[in-house]
Each structure stands twice: as C-alpha cells, then as structure tokens.
Amino acid sequence: MKQISISRAHQKSRDVIIWLSCLLIFTIPVLTQGAGPYEITWYTIDGGGGTSTGGPYVLTGTIGQPDATYNDWLTLGKPDCWCAPYHCDGDADGATQGFQKYRVMSNDLGIVSANWKKLIDDAALDPCADIDHKPQGFQKYRVMSNDLGIVIANWKKTDADLPGDCPRAE
C-alpha cells in the first residue's frame, strides 16, 4: 500500500514538472517578443497620410507627396531662423536675454503671440514665430498651440540647458 501512495505522489510531481516545463516553453517566446524598445527610423517619402491604430500602437504616416516643411521654407523665403541652433527649442529671435543669458524668454513669447493664427500667405507673418515648422488646426495656421507649447517648455533655459543643433528629428 505504501508503494502505491509513493508512486502516485511521484507521478503527481512529475506531472506538475511536465506541465510547468510546457508552460515555460510556450510562454518564453511570447514574453521575449514584447521585450525591448521599438524603433522605427524616421524617413520622409512624404504625402497623403493618415493615422493607423492597433492596440496600444499609433502610426501616423505619409507616402508620395512633397515635403511640406521644405516647400514652406521656400515659400517663406528660406528663413535662416529655421536652421538656427536653438530655434526648434523656442528661440524665435536667435538672441540670449537677461542676466542669466536665457535663450527662450519674453522676446520669443512676444514673437509667437504677435504671429498667433497667421496663415503662411499672410504678408505680416514672421516665419521665426513658427517654431515647429508645421501648419496647425483646420485653417492651417502657422503659429499656434504647438509653437507656444515649445516656448513654454523651454522657458528660461540657457545654451547649456538646450541640446542645440536644430533642426533635428522629433
């Protein structure tokens, strides 16, 4: 009788080990597929576009149309500010300000606010106020909330606080 109970206990242990082994064999590949950072290198084959979603992922893409940023740069007369070292950080005037030599401060905010909701064909538009170089909103305004957000995010930052080398990929 003791032999039967020992072999049943042994069989149960063996069954548990086999079950756990199968579980590990089938779940490790699934777990490793979700590990690590995802990276999609940025290229432009610009145009068309739209947004695709699936689960937690969102992909915004375009194919086959001219690069609007480059065309806008040409339309606006090739403004040097779009290629300035700190413009993408909100430095609209290209100057340091104040005792601490801040790059993004009241002058930059003044430029952005003076050009708020102006279209690209508005003769009064200062292209340096268009920090993100993107049209925004239904009317395709050149200076709007994204530009203001960049200025606010980098308010009172010095050269040492900012990475420089604009434009850079977002």
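Biologist: How many salt bridges turn up in the whole structure?

Modeller: A search of this predicted model finds 4 of them.

Biologist: OK, which side chain does aspartate 91 meet in a salt bridge?

Modeller: That's arginine 103, at 2.6 Å from N to O. Both residues sit in the loop between helix H2 (68-75) and helix H3 (106-114), 12 residues apart.

Biologist: Is arginine 103 buried or exposed?

Modeller: Buried, with a relative accessible area of 11%. Aspartate 91 is buried too, at 2%. Both count as buried because the cut-off is under 20%.

Biologist: And aspartate 159, which side chain does that one meet?

Modeller: Arginine 103 again, in a salt bridge of 3.3 Å, N to O. Aspartate 159 lies in the segment after helix H4 (145-153) and arginine 103 in the loop between H2 and H3, so this pair ties together parts 56 residues apart in sequence.

Biologist: How accessible is aspartate 159?

Modeller: Its relative accessibility is 35%, so aspartate 159 counts as partly exposed.

Biologist: Switching topic: what does arginine 142 form a salt bridge with?

Modeller: With aspartate 130, and the closest N and O atoms are 2.7 Å apart. Arginine 142 and aspartate 130 are both in the loop between H3 and H4, so the bridge ties together parts 12 residues apart in sequence.

Biologist: Are those two, arginine 142 and aspartate 130, buried or exposed?

Modeller: Arginine 142 is buried at 2% relative accessible area, and aspartate 130 is buried at 0%.

Methods:
Residues numbered from 1 in each chain as written. Predicted model: local features only at pLDDT ≥ 70, side-chain atom pairs only at ≥ 80, totals over all residues. Heavy atoms only, no water. Helix = DSSP H or I, 4+ residues; strand = E, 2+ residues; numbered from the N terminus. Buried < 20%, exposed > 50% of the residue type's maximum accessible area, 1.4 Å probe, protein only.
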